[in-house]
Amino acid sequence: MKQSILLLFCLLTVVFLQAQDKVTVTGQVRDGVTNEPLVGVSIMAGSPLKAVGITNASGQFSASVLPNSPLVFRYIGYSDYRITLKDKRELVIRLAVTENKLNETVIIGYQKKTREVTTGSAVIVGGKEIQDVPVSNVEQLLQGRVAGLNIQNNTGAPGARGMIQIRGLSNITVTGSGNDAFLSPTSPLYVIDGVPIDADANFEYGYQSAGPGVSPMSLIPPEDIESLEILKDAQATALYGSRGAYGVILLTTRRGSSPIPLVRYTGNFFVNTPPGLRKTIGGAAERRLRLQQIYGSGNINDIYNITTTHFLADSLNPYYNNSTNWQDVFYQATYNQTHNINISGGDPKFNYKVDLGYYHENGVIRNTGFDRYSVNTNMLYQPNPKFRVFTTLSTQVGKRNKGDGNGLTQSGVAANAAASSLLPGPSFYQSTAGVLSSLDTKNDNKTANVRASLDVSYQLLKGLSLGSSVSYEYASNTEDRFIPAAAHGDFSQVYAYDDRKYTLYNRNTVSYFTTIKDKHNFFLSAFNEIYSKGFQAQVIQQEKTPNDQYQGPLGYDGYASLGGGLLDNYSKQHIASFAGTFSYNYKQKYVMDLSYRMDGTSSSGFEDPYSKNPAIGVRWNFNKENALSEKKWLTYGSLRGSWGQNIVPSGDIFAIYGTFDPRGTYNANQRLGINYSLLPNTTLQPTSTTQYNVGFEAGFFDSRLEVIFDAYYKTVKNLLRTKNLSNITGFDQITTNETSLIDYGYELTLTFRPLPRTSKVQWTVSVNAALNKDILTHLPNGARQLIEYDYSNSQNTLFRVGRNSLTNYLLKTQGVYATDADVPVDPATGQRYRTADGTYFKAGDPIFQDVDHNYILDNNDYVPAGNSQPLVTGGLQSYVNYKSWSLNLNTSYTLIRKILNNAFAERMQFLGDPYNPKAVADVGSVDYWTKDHTNAKYPNPFDYTRYSSIRPYRYDQTLIEEDGSYWKINTITIAYLLNRKFTNRYGVNSVRTYFTCNNLVTFSPYSGPNPENVSALGRDQSGGYPVPRTYNFGVNIEF
Amino acid sequence: MKRLILILLLFISCRKWAPDDLDYLSSRAVYNQTVFAPVMGRTTLYSQIFNTDNSSTPIQFKILNVRLKKTGEASTDLDQTVEALVWKQAYTGYETSLEEINAKRVIETHPIWEIRPTSGDFVCWSNTGLRAQPDSGYLFDVEATNSGGKNVYKDLNLMPFREQPYAPYEYDPITGRQKATYPNTNDSSIFVLQYNHPGISGITNDDNNLDLKSDSVRVLFNKTGNGHSVTFKFMDKDSLPIDPAMFNLTPWDSLMHGFDITRTATGVTYQVAYPIPLMRFKTRFTNGDGSQAYVKFSFTRVGFGNIRQTGSMDLSFNIYQEGDWEIIFYFRNNPRFRDE
């Protein structure tokens, strides 16, 4: 049927054209780099241009044209190729990939546009750029590629995700404390083939998240990605408004485009190696150091205590005569693989794709890992230009082994990897519970995800079309954990968690497009959108199974059952939105976009559930002005500006309606009572961002130099914060929208192509940088300042209006007292500077600034210290291609950011208790105070008798606040394309092999192992999961 | 160029749209103590009395509007300055000469009633020039400022006590009359004057062969000149001097942090630095918390039944006023020094 239509079409064309005395041209169109035949390339001729033919499955074409007529070969994603026919009738055309950002097709507000008529700020990353690196989460490969997209791969845990922000901070909610202080993530909204996905799912509750903790982004095989598009400003994200306030990332999966089915296999075989771990003193040296320290104290009781501390005294006992490398017990190099088969085919009328993926990664921490099984399909059916159906069906299973950690951190491993080297290595007999728990905890954690979508559109009249899109996503997370008795205080534990989540989404569109006099282009569209989301989780937790072999099923017992049941994070949410958009452009020179959107969410207060979100964008393509259109040096150039508002629903129904609690029975009647902890706030608003954006884009010298510059000013309003209430209200707290902040900054992307297009070597270098500053502008009750005291390690956070939103609030360390005489003395009393408990400072102690000069170190001496958020982020990419070889380099950097080196402080603190069998940090490289070396950077770590008062290595000081700037070589890929003639002999279309090194090296002034492997609040936790270095060998085979 | 201007404009305007980064001064920051009754003649520090309620530090403090409480009329008494000894280096208790101690202190001029400008602490420098209780003293206001605003704390009250040159002090701090106990609450004409007594242990009363009670010994502080010495004297019930050598176990060299010890049959004199103790700091010359000097005189003798007895007498005291002081232990019942 298809063929006959095509034939008919060709015949008609031929008949029509032959009437004008034409010649027939034949030939083939191939990709200029890969030499692959290109299917469906339009051949156009005449003036104005008319389509005269199209290439077939093998890239062949045949067209009848007027002699001497100029021919244009046009294909999406490639530069137009122009040729004027002379005598030649057989042509081989090689198209070059478009390297001109202006001609990229962008999708904004569910419509495709060329960049030329886009008023918003958007960046496209091609799927090819990120496909040679096997990672569990494709998001981390975007690092450094897009100006303004700040990605910190701060965990190496397989299947987890790092931190991602578009244009700076959008939230200041910190949950948890100490090392587990967790900044609520503000991930952009992901839209996968038109279906919005919540990437923060499973991570809402910080480090305490239950369940397998597999990010939805980890379930997408990178091989299936055609392109990623990052929408940054309010105009671009306007029509994704109901959750687009933090930016939007559009992910397009591969489509079928070849009439002959293509089978593409990608395999990766990679080795993950643990990065450099922390240096530790082992064996006899450790014992010697400890004894020296105790003798040095001169306290007879302490010296006597050596005899009662067996691991110090009993050096001849084999139990204590060891030099165990504890980190080695937990960390390992692993061998991993991925396989992906992508089958696709079809033509513009009907095409399909099936992608089968398998990913297997063992974590560099033993007993952790991630496996992914995925089947993603899509199908497009467009029997005529008026009617179009697109469906997708994706199923993914992620299987994640967390050991005894929580998915993001491995505090159990950290605690045990920091054990004294004198202790014997792990064995079951030893029953060192921590080790057994880390290594023998059995995990069976699964995330299963099914997503189906259907997108139908029909063109009623010319320019007027109707469309509807429905998607349903269902995810189920289960976690089954069994801790053997030996690892859990002689009683085994069974823990089972499961949750389910669904999202139903529907969008209906009417749109109209018209052009008047070939100059004025109008586009008008209206749509409505409905979300319905639900979530429910439950837990069973039982202890004391009869033995380790009996892991269930378990009966109920009030004694052994340790709670569980339904968890209180139940949620159900509805969003209904109505939106309209109007676009106008004059000769594609002056462009204007207007949109208006109303979003009603069930998580807004019922008094005013609808938020109104307008957006406007304008663009001026000044290269089309007469004065500039002839200039050779200017390829394109435009100025654009936009303003708009977006929201993210952030409340929950409990904050709006309050809570009733069951209170048992009275007279056999069930009682319900008001829960007085949270006062309902009926006017709760969703978090909204308002953003101004000014952009400049230009290409010079035939696009060999391209510049994109953006400046923005973003206001994040209505941030939720729970504040305490006066007790006269009867309630404890209320959640309000009184917090807000602004982000402003600049983004610059430069692309160079130093060598001419005709050169055999093609080289593209792209550099980008983004500077972002955030300023807190409002706090609850109009307060100027709010201090979030941290009661576990005193690393307080200061929120002060007018300065960066998250400020470390620490004691300022100004060096080390070289001698006792350097300690200041209160002139009135003669008292030396002392701690609040009256311990005087002396030589070797850190100099904590006495801010209020009262000669007492107290809470008034905290100062606003560094900003935990980076100021500048960006990256540099280079791509070199020579014949069949290519070299791809991706680097990223983060500048001016403060990190708290808690892991270092913790290890130095271990020295403050020589009787505690903890690892002894290698102090040889630390510049610390001794009697002979008084001019030191770090205080004396060995003065353990005064340790608990002075706490020289306390967490809450600027001594451990370091600059976390770094420049990281993310990936280097060397690829080689095997000779096609050779591979074709074996029926293989193409074979490409490549070698990749991921996370190669990081250059940083930071003293810890990895300045990136820190929490979003810039704290280097010892429990952090190290980011492995990966060496990969991969192969692409196309049949 | 156009771009440059645009960028510049945007940069300036962005910062302008944001509120200024100002300090925070809580309106609920308060003084925990508003009535100050220091004793004149010694340096008193009121520390950690301002609760900042998480305000940004440092805060600038200023005393304003000093006036008499009784009449409300303005007073300049608190503007008087005194020459005060201030510490430059820490006192350790191991100094080996007066010069070494004095090298750690210098004389500075300070207002009598000084507020520390960044902490809000008050220092009452050693002086005698203020209206003492029972006068109701002075009222003053304190202004606390930082870039976040200004708080004024009104009507803080300074009502100093008259000078008490030493402690324990047996005179009433307000009336100056010797303290007394009134056994009959209805009759103020019958009273028993109070005296200071040392701690007594293991000393036998020579008169009745019983243990000597603490209240059998009075401690009298007597200033004899304007030098800087302390002399310990001992008197028996007839007011005759007891030879200090009788306290034969006393480590006279390390009894006081004093120098140039002169031992005679009537007393032991030390050249010392004032005040005594120099500061609140535990040394071998002080009591457990370092707040008072501590002296202990002891002797040994063969007691009844050939048992060796050690008698001791100790005293914790302060002397604030520089001078030649005598500390006289007046035994109203003689101790028994002789062997049985």
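Since the model is predicted, local features need pLDDT of at least 70 and side-chain atom pairs count only at pLDDT 80 or more, whereas totals for chains, interfaces and linings use all residues.

Let us start with confidence in chain A. Its mean pLDDT (the predictor's confidence in each residue, from 0 to 100) is 83, and 91% of its residues reach 70 or more. The lowest mean, 43, belongs to helix H1(A), residues 2–18, and the highest, 92, to strand E50(A), residues 885–895. Helices (H or I, at least four residues) and strands (E, at least two) are DSSP runs numbered from the N terminus. Over residues 1–19 of chain A the pLDDT is below 50, and this stretch has eight contacts in the model beyond near neighbours in sequence. A contact here is a pair of residues whose C-beta atoms, placed from the backbone, lie within 7 Å.

The two chains meet through 36 residues of chain B and 32 residues of chain A. On the chain B side, helix H1(B) (2–17) and strand E6(B) (81–87) are the elements giving two or more residues, with H1(B) providing the largest share, five residues. That side divides into 18 nonpolar, 11 polar and seven charged residues. For this tally, Ala, Val, Leu, Ile, Met, Phe, Trp, Tyr, Cys and Pro are nonpolar, Asp, Glu, Lys and Arg are charged, and the others, Gly among them, are polar.

Now to the interior. A residue is buried if 20 or more other C-beta atoms lie within 10 Å of its own, exposed if 12 or fewer, and partly exposed in between. A nonpolar core is a set of buried Ala, Val, Leu, Ile, Met, Phe, Trp, Tyr and Cys residues joined through C-beta atoms within 7 Å. In the largest core, of 94 residues, Tyr190(A), Val191(A), Ile230(A) and Leu251(A) touch the most other members. Strand E38(A), residues 705–724, gives the most to this core, with five residues. A second, separate core of 49 residues includes Tyr24(B), Ala144(B), Phe285(B) and Leu315(B).

Helix H11(A), residues 902–910, is largely enclosed by the rest of the structure, because eight of its nine residues are buried. Its cover includes strands E51(A) (898–900) and E52(A) (920–921).

Antiparallel to E56(A) runs E19(A), residues 262–273, joined by 10 bridges; here Thr266(A) has Asn1036(A) as its bridge partner. E55(A), residues 990–1003, also runs antiparallel to E56(A), with nine bridges, and Phe995(A) is partnered by Phe1033(A).

Finally, some backbone details. Most residues other than glycine have a negative phi, and most peptide bonds are trans. Tyr855(A) has a positive phi of about 60° and counts as buried, with 23 C-beta neighbours inside 10 Å. Ile896(A) also has a positive phi, near 60°, but counts as partly exposed, with 15 such neighbours. In chain B, cis peptide bonds join Ala167(B) to Pro168(B), with omega about 0°, and Tyr274(B) to Pro275(B), with omega near -5°.

Note on methods. Residues numbered from 1 in each chain as written. Chains lettered and ligands numbered in written order. Pairing = 2+ DSSP bridges.
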